[in-house]
Amino acid sequence: MSQVLSQKEWEKVQRALESKKWDFRSVAGIAKEIGLTPERVRELLTQNSRFIRTTLSRDRRVVYALKSKPVTTGEIIDSLLTLASR
């Protein structure tokens, strides 16, 4: 796949992750919004992992946010609970 196409696809993923409507996004939600396959969205997230942070949703699915977005209270609580359970 061309570098230009890959960059344009990543920009679409970034815009979806920047949405003020969501703190975190699922692969399926991003894929549906921007018209790529979930597999391709996963590839792009992996290729650009230095810009991404992950957490688990309430139903234990991996969800994604840009590292540039503020950390949520829920993330802090989840991290503390995880540390306390070790």
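Colleague: Before we look around, what is meant by a pocket here?

Modeller: A pocket is an open set of grid points with protein on both sides within 12 Å along at least five of seven lines. In this predicted model, the largest pocket has a volume of about 280 Å³.

Colleague: What makes Thr55 and Asp78 lining residues of the largest pocket?

Modeller: A lining residue has an atom within 4 Å of a pocket point. There are 13 such residues, and the closest to the pocket's centre are Thr55, Leu56, Ser57, Arg58 and Asp78. Helix 4 gives the largest share, 3 residues, while strand 1 (52–56) also supplies at least two.

Colleague: How do the lining residues of that pocket divide into nonpolar, polar and charged?

Modeller: The lining has 6 charged, 4 polar and 3 nonpolar residues.

Colleague: How do you know that helix 1 meets helix 2?

Modeller: Contact means heavy atoms within 4.5 Å. On the side of helix 1, Lys12, Val13, Ala16 and Leu17 meet Ile30, Glu33 and Ile34 of helix 2. These contact residues divide into 5 nonpolar and 2 charged, with no polar ones.

Colleague: How do the axes of these two helices cross?

Modeller: The axes of helix 1 (residues 3–18) and helix 2 (residues 27–34) come within 10 Å and cross at roughly 115°. The crossing is right-handed.

Notes:
Residues numbered from 1 in each chain as written. Predicted model: local features only at pLDDT ≥ 70, side-chain atom pairs only at ≥ 80, totals over all residues. Heavy atoms only, no water. Axes fitted to C-alpha atoms, helices over the stretch in contact; angles between N-to-C directions. Helix = DSSP H or I, 4+ residues; strand = E, 2+ residues; numbered from the N terminus. Left-handed = near helix turned anticlockwise from the far one by under 90°. Nonpolar A, V, L, I, M, F, W, Y, C, P; charged D, E, K, R; others polar. 1 Å grid on protein atoms, 1.4 Å probe; cavity = no way out; pocket = protein on both sides within 12 Å on 5 of 7 lines; lining within 4 Å. Points joined across faces, edges and corners; volume = space filled by probe spheres on them.
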